[in-house]
Amino acid sequence: MTRLLIAVQRVALAAVRWNSGKPGMFYAVRRGRKAGVFLTWDECREQVDRFPAARFKKFATEKEAWAFVRSSGSPQDSRGQKDGRAQEPQAKASKRLREALAAGEEEDSEPHAKCGKQAPGPTVPVGKDSFSYMGEHVIVYTDGCCSRNGRRRARAGIGVYWGPGHPLNVGVRLPGRQTNQRAEIHAACRAIEQAKAQNIHKLALYTDSMFTINGITHWLQGWKENGWRTSTGKEVINREDFVELDRLVQDMDIQWMHVPGHSGLVGNEEADRLAKEGAKQPEV
């Protein structure tokens, strides 16, 4: 049956190519809503956009494209196939998680404390095929958490998720002041640090923190012009954190993507899980 479907798709591709009379690229989807070879980026994007751990690539020839679709690829892809079989129980676990946790963020209102330096991530090069892409942008999910946020003995962690079993996935304790907002900001910082270490300069960074997104994309310039004070004249509590994030985004092409927290999206749920694991670790 699979061979028949591939043959039919090949015929359709050939017909379209013949009728158009124009050479072009072939978009191969190894892992997505529908695997196969497509003639346009729009068709390909329908299969991979927001699909967890999607695998796709552009080729000049149809033969190369189909070879990519059929190949098992790197060990990363094998892990991805195993994860695909486990999607149903993971989705059920995500649903239980959503029901158990509150969706709202607590405001970061703790006093200033010295910001600890985060340990650098792995510097060993990782193969480009082990990442998921949205166009030319590598997809990464980040999340931060903090138990007892705003109270004594708070514990914060950051999570960065690149894909199933990815060597760059990380869940660590947040150094310095333990708050939810700081954890969200520094999770993004860690992802960008890792990307730069891999010579990646285009990121589609998914986060459920609108505070982080608005801070870096809308509010930062106003804060600078206003002497790092808000529109109401108050000192920007997370100044040091946004200074660090601002430093890291230089020379980066980042698409800041907001995803609702605990909405069942696997990448976000995994980043959340990693952040919670990090919060359990001893403070650096």
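**Note on the predicted model: sheets, aromatic pairs and cores**

1. The secondary structure of this protein comes to nine helices and nine strands. The model is a predicted one, and every value below is computed from it. Of the 284 residues, 46% are buried. Among contacts with a separation of 6 or more, 70% are made by residues 24 or more positions apart.

2. An open sheet is formed by three strands in the order S2-S1-S3, with antiparallel pairing. Strand S2 (36-38) and strand S3 (55-59) are its edges, each pairing on one side only. On average, and with direction ignored, neighbouring strands of this sheet are turned by 25° against each other. Strand S1 (residues 26-31) is joined to S3 by five bridges; Tyr27 has Lys58 in S3 as its bridge partner.

3. Two helices pack on this sheet. Helix H2 (residues 41-48) touches S1, S2 and S3, and its direction makes about 10° with that of S1. Helix H3 (residues 62-70) also touches S1, S2 and S3, again with its direction at about 10° to that of S1.

4. Strand S5 deserves a separate look. Ten of its eleven residues are buried, so S5 is largely enclosed by the rest of the structure. Strand S4 (residues 133-134) runs antiparallel to S5 and is joined to it by two bridges, with Tyr133 opposite Val138. Two residues lie between the strands of this hairpin, and Gly135 takes a positive phi near 70° there.

5. With S8 the pairing is parallel and consists of four bridges, and Val140 stands opposite Leu205 in S8.

6. Eleven aromatic pairs are found in a search of the whole structure. How are the rings of Tyr141 and Tyr161 placed? Their centres are 6.5 Å apart and their planes are at 50°, so the pair counts as tilted. The pair links distant parts of the chain, since Tyr141 is in strand S5 (residues 137-147) and Tyr161 in strand S6 (residues 155-161), 20 residues apart. Both Tyr141 and Tyr161 are buried. Elsewhere, Phe211, Trp219, Trp223, Trp228 and Phe242 form one aromatic cluster.

7. The largest nonpolar core has 38 residues, of which Trp162, Ile192, Leu203, Leu245 and Trp256 touch the most other members. Two or more residues come from each of S1, H2, S5, helix H6 (180-197), strand S8 (202-207), helix H7 (210-225), helix H8 (239-249) and strand S9 (253-258). H6 gives the most, with six residues. Another core, of eleven residues, lies apart from the largest one and includes Tyr141, Ala204, Met257 and Val259.

8. Which residues does Trp162 touch, not counting residues up to four places away in sequence? They are Phe131, Val138, Ile139, Val140, Leu168, Asn169, Ala191, Gln194, Ala195 and Leu203. Of these, Val138 is also the residue opposite Tyr133, and Val140 the one opposite Leu205.

Key
Residues numbered from 1 in each chain as written. Predicted model: local features only at pLDDT ≥ 70, side-chain atom pairs only at ≥ 80, totals over all residues. Heavy atoms only, no water. Pairing = 2+ DSSP bridges. Axes fitted to C-alpha atoms, helices over the stretch in contact; angles between N-to-C directions. Contact = heavy atoms within 4.5 Å. Phe/Tyr/Trp six-rings, centres within 6.5 Å; stacked < 30°, edge-to-face > 60°. Buried < 20%, exposed > 50% of the residue type's maximum accessible area, 1.4 Å probe, protein only. Core = buried A, V, L, I, M, F, W, Y, C linked by side-chain atoms within 4.5 Å.
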